[in-house]
Amino acid sequence: MQIIVQNSEIFIILACVFGFFMAWGVGANDVANAMGTSVGSKAITIKQAIIIAVVFEFLGAWLAGGEVTATIRGGMLDPVLLADNPQLLVYGMLSALLAAAIWLMIASARGWPVSTTHSIVGAIVGFGAVGLGVEAVAWGKVGQIASSWLISPLLAGTIGFVLFKSVHHLIFENKDPFSAAKRYVPGYIFLVGFIVAMVTLTKGLKHIGLDLSFGQSLLLSVVIGIIIMALGVMMERRVKYVQNTSDHFGYANVERVFGVLMIFTACAMAFAHGSNDVANAVGPLAAVISVVRSEGVIDSAALVPWWVLVLGGGGIVVGLVTYGHKVIATVGTGITELTPSRGFAATLAAATTVVLASGTGLPISTTHTLVGAILGVGLARGMAALNLRVIGTIAMSWLITLPAGAGLAILFFFMFKGMFG
């Protein structure tokens, strides 16, 4: 208790610096996943992706990033074991933030799309098991997260496969693909609006006090889907058929219609992601601020000050602008060649999987889900369409994430314990 009172300012400054660093890592790695399909399919440029992400990620983080954050993130640790030594929670959360941020920096430099959620969970499990004892960790929760590594990419890959096959059958195999695209794309635009609204309403907006029931979310999502469809139809009307002798079937014109669709998916995915994943940086930061300000009292929920969400949102934006391009290249072009129609199928499949996971309470990774969806779309074109070497590297980086986060967190935990006693 006395340690916390004596070093309160130092702890808060360190928490803010490490929290910003972690948010930077989320921006450099995770935001790039949300933008990767849009850039890889050439629906938008890297510069446009960064502008969309800067605006919508920040809005998502600030408006829907979390009014209340669990002090001990996701029930990973037993608060009873920390009641007598609250300073251990402070050391642990600082260690977790720094460890996860360093791992994300390494992964982003290599262009590996890893999970920010798993990085922070691995770090918390690491310091909990070694610093507090194996019994302090909720191993059931860890097992759930491990199972999601397999379930979420498989589910998203299956949905992506089916979606792309439906696009291929309804539009590309039609006698007049351009007319078919004009006819069916509004339905897909509605689906995008509906699904991404469901992502945001079921996973994001609970934090700002808008706790809607599943039925209310469903109804509101239908309305949002219709509004977005109407806007999409207006934009679609501007896409005129361009005659090209080398493009006999007019597929390039079809992809231009899908390009309109990808603008919507990019904006909505960025907002939903900002509202969700800022918690990976803000959760441990809120825990430290709560314990320090209450002079060692571990509350079951910590109120997040508005400036912490701004700090998280700002860090995400800086991370994307300075380092996001490497992971965008891996996700957008490294796994399989993406066009706007393929990118749409992958993005919508990923969003759908997140909605299904929200309903069942399964903790999943946006990264794993999106990569799985891109794999599914690639498979719909045959194994030859996939870059197996890149896929192998990504799978390896996923397996390393938990132990890397845990190992670094253990190291930093004992370092802070030694420094502050």
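# Questions on a predicted model

Visitor: Leaving aside its neighbours within four places in sequence, which residues is Met35 in contact with?
Guide: The model is predicted. Once the neighbours within four places in sequence are set aside, the residues in contact with Met35 are Ala49, Ile52, Ala53, Ala266, Ala270 and Ile328.

Visitor: Which residues have the most contacts inside the largest nonpolar core?
Guide: The largest nonpolar core has 122 residues. Those with the most contacts inside this core are Met22, Met35, Ile171 and Phe344.

Visitor: How many helices and strands does the secondary structure of the chain come to?
Guide: The chain has 421 residues. Its secondary structure comes to 15 helices and two strands.

Visitor: What percentage of the contacts with a separation of 6 or more is between residues 24 or more positions apart?
Guide: Buried residues make up 58% of the chain. Among contacts with a separation of 6 or more, the share from residues 24 or more positions apart is 84%.

Visitor: How are the rings of Phe21 and Trp24 paired: stacked, edge-to-face or tilted?
Guide: The count of aromatic pairs comes to 13. In the pair of Phe21 and Trp24, the ring centres are 6.2 Å apart and the planes stand at 45 degrees. Stacked needs planes under 30 degrees apart and edge-to-face over 60, so this pair is tilted.

Visitor: Is Trp24 buried or exposed?
Guide: Phe21 and Trp24 are three residues apart in helix α2 (residues 8-40), so they are separated by about one helical turn. Phe21 has a relative accessible area of 22% and is therefore partly exposed. Trp24 has a relative accessible area of 13%, which makes Trp24 buried.

Visitor: How are the rings of Tyr188 and Phe344 paired: stacked, tilted or edge-to-face?
Guide: The ring centres of Tyr188 and Phe344 are 5.1 Å apart. Their planes stand at 65 degrees, and the cut-off to pass is 60 degrees. The pair is therefore edge-to-face.

Visitor: How many residues apart in sequence are the parts that the pair of Tyr188 and Phe344 ties together?
Guide: Tyr188 counts as buried at 7% relative accessibility, and Phe344 counts as buried at 0%. Tyr188 lies in helix α7 (residues 177-204), and Phe344 lies in helix α13 (residues 340-360).

Visitor: Which residues do ring pairs link into a cluster?
Guide: There are 13 aromatic pairs by the rule used. Ring pairs link into a cluster Phe11, Tyr91 and Phe420.

Visitor: What separates the C-alpha atoms of Val192 and Phe264?
Guide: Val192 lies in helix α7 and counts as buried at 2% relative accessibility. Leaving aside neighbours within four places in sequence, Val192 is in contact with Leu261, Thr265, Phe344 and Leu348. Val192 and Phe264 are 72 residues apart along the chain, and their C-alpha atoms are separated by 7.7 Å.

Visitor: Leaving aside its neighbours within four places in sequence, which residues is Ser221 in contact with?
Guide: Ser221 is found in helix α8 (residues 214-236). Ser221 has 0% relative accessibility, so this residue counts as buried. With neighbours within four places in sequence left aside, its contacts are Phe194, Ala197, Met198 and Leu201.

Visitor: What separates the C-alpha atoms of Val292 and Ser8?
Guide: Val292 is found in helix α10 (residues 279-293) and is buried, with a relative accessible area of 5%. Val292 and Ser8 are 284 residues apart along the chain, and their C-alpha atoms are separated by 5.8 Å.

Visitor: Is Ile51 buried or exposed?
Guide: Ile51 lies in helix α3 (residues 46-64). Its relative accessibility is 52%, and the cut-off is over 50%. Ile51 therefore counts as exposed.

Visitor: What is the accessible area of the nonpolar patch with Leu388?
Guide: Leu388 lies in helix α15 (residues 388-420) and counts as exposed at 53% relative accessibility. The patch on the surface is formed by Phe161, Val162, Leu379, Met383 and Leu388, and their accessible area together is about 470 Å².

Conventions. Residues numbered from 1 in each chain as written. Predicted model: local features only at pLDDT ≥ 70, side-chain atom pairs only at ≥ 80, totals over all residues. Heavy atoms only, no water. Helix = DSSP H or I, 4+ residues; strand = E, 2+ residues; numbered from the N terminus. Buried < 20%, exposed > 50% of the residue type's maximum accessible area, 1.4 Å probe, protein only. Contact = heavy atoms within 4.5 Å. Patch = residues over 30% accessible without salt bridge, like charges linked within 9 Å, V, L, I, M, F, W, Y side chains within 5 Å. Areas by Shrake-Rupley, 256 points an atom, 1.4 Å probe, with all protein chains shown as cover. Salt bridge = Lys/Arg side-chain N within 4 Å of Asp/Glu carboxyl O. Phe/Tyr/Trp six-rings, centres within 6.5 Å; stacked < 30°, edge-to-face > 60°. Core = buried A, V, L, I, M, F, W, Y, C linked by side-chain atoms within 4.5 Å.
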